[in-house]
Amino acid sequence: MSTAQATEKSSMQASRPLVGWALHDGWAVAKRDLLKIARVPESWFFSIVQPIIFVLLFAFVFGGAIPVAGGNYREFLMAGIFAQTIGFNGANTTVGLAEDLTKGILDRFRSLPMAPSAVVLGRTTSDIFRGVLTLVVLAITGLAVGWSINNGAVKAVEAFALLLFFGFALSWIAAWVGLYMPNAQVANTAGLIWLFPLTFLSNAFVPLNTFPSWLQPIAEWNPLSSVTLAQRQLFGNPTGEIVGGFPQQSPILYTLISCVVILVIFVPLAVRKYSKTVAR
């Protein structure tokens, strides 16, 4: 960057408010990422195929072998599928940022008077919008296989809002991971490898009381277990036998605390890593 460009960039940055600037620029980047869905709909289409397969597989193949105390397994299942899907949605953030790094897009952003957090904020925001579209399709699929909302529309909205907040928090971990990846191929693996244990060491698909005793505390304190249980309670679906302490007794509160902690840790880490990357 030339001295004149650097001076112009610094003067423009100085004249803009920090918070409003970051939100404005973050939304501009988010819109750029969202346009890709309209222009390349296949990228979104294939991201919803996997969770639909999970719904059908567990509902019709494995469901009969998994008893749930006090209810229908298909109703028990959907909250876990929602949580898994919004978690796996973070892999898009990892791959997207790695692609931008390798294609030189961030070099262009570096020359613009943008807030340091805007690129990462825009990516995490756009992927949450992608997650909303996916959840709509999944909800329709769930209703088709026997899932139902039994606590009314208000509680259902609360459940989905909590789920999206949880997904937004996880996307910042995914963003931090993506900024370390050398290319999109590696990012595709790295974006999922930490999400699989997060999902399967939880109550997403089976009740916690079926876990070995030594594994139950790990699954109990897993935030994905609490957001899944919170959804089941808000939707009025079967919860299975609830075991454990605070995370399972107060799943909504524990989920909110977990999300705030994740954001407090990983927002600064991701922004700092991005700033160091584009400064090279």
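Which residues does glutamine 248 touch, not counting residues up to four places away in sequence? Glutamine 248 touches Asn203, Leu208, Glu220, Ser225, Ser226, Leu229, Ile242 and Val243, where contact means heavy atoms within 4.5 Å. The structure is a predicted model, in which local features need pLDDT of at least 70 and side-chain atom pairs count only at pLDDT 80 or more, while totals for chains, interfaces and linings use all residues. Residues are numbered from 1 along each chain as its sequence is written, and side-chain values use heavy atoms, with hydrogens and water left out.

**Overall architecture**

- The protein chain holds 14 helices and zero strands, these elements being DSSP runs numbered from the N terminus (H or I with at least four residues for helices, E with at least two for strands).
- Of the 280 residues in the protein chain, 49% count as buried; buried means under 20% relative accessible area, exposed means over 50%, and partly exposed lies in between, for a 1.4 Å probe and protein chains only.
- Among contacts between residues at least 6 apart in sequence, 80% join residues at least 24 apart.

**Serine 226 and threonine 255**

- Serine 226 sits in helix α12, which covers residues 223-235, and this serine is buried, with a relative accessible area of 0%.
- Beyond residues up to four places away in sequence, serine 226 touches Pro247, Gln248, Pro251, Tyr254 and Thr255.
- Threonine 255 belongs to helix α14, residues 251-278, and counts as buried because its relative accessibility is 0%.
- The side chain of threonine 255 makes a polar contact with the side chain of serine 226 at 2.9 Å; a polar contact is a pair of N or O atoms within 3.5 Å, of which, within protein, one must be able to donate a hydrogen and the other to accept it, and residues adjacent in sequence count only if both atoms are side-chain atoms.
- The backbone oxygen of proline 251 is also reached by the side chain of threonine 255, at 2.7 Å.
- With neighbours within four places in sequence left aside, threonine 255 is in contact with Leu162, Phe166, Pro223, Ser226 and Val227.

- Glutamine 248 is placed in helix α13, residues 246-249, and counts as buried at 3% relative accessibility.
- Glutamine 248 and serine 225 lie 23 residues apart in sequence and 8.0 Å apart in space, C-alpha to C-alpha.
- Leucine 198 is found in helix α10 and is buried, with a relative accessible area of 18%.
- The C-alpha atoms of leucine 198 and serine 225 are 8.9 Å apart in space, and the two residues are 27 apart in sequence.
- Leucine 198 is in contact with Leu170, Asn222 and Leu224, leaving aside its neighbours within four places in sequence.

**Packing of helices α4 and α5**

- The axes of helix α4 (residues 73-88) and helix α5 (residues 90-103) come within 4 Å and cross at roughly 10°; such axes are lines fitted to C-alpha atoms, for helices over the stretch in contact, and the angles run from 0 to 180 degrees between N-to-C directions.
- That angle makes α4 roughly parallel to α5, since angles under 35 degrees count as roughly parallel, over 145 as roughly antiparallel, 65 to 115 as roughly perpendicular and the rest as oblique.
- Ile86, Gly87 and Phe88 of α4 make the contact with Gly90, Ala91 and Asn92 of α5.

**Aromatic pairs**

- The count comes to 17 aromatic pairs, by a rule in which rings of Phe, Tyr and Trp (its six-membered ring) pair if their centres lie within 6.5 Å, with planes under 30 degrees apart counted as stacked, over 60 as edge-to-face and the rest as tilted.
- Phenylalanine 58 and phenylalanine 205 form a stacked pair, at 4.5 Å centre to centre and with 10° between the planes.
- This pair links distant parts of the chain, 147 residues apart, with phenylalanine 58 in helix α3 (residues 41-62) and phenylalanine 205 in the loop between α10 (195-200) and α11 (216-221); both phenylalanine 58 and phenylalanine 205 are buried.
- The rings of phenylalanine 246 and tyrosine 254 have centres 5.9 Å apart and planes at 90°, so this pair is edge-to-face.
- Phenylalanine 246 is partly exposed, with a relative accessible area of 36%, whereas tyrosine 254 counts as buried at 10% relative accessibility.
- One aromatic cluster is formed by Phe54, Phe58, Phe88, Phe196, Phe200 and Phe205.
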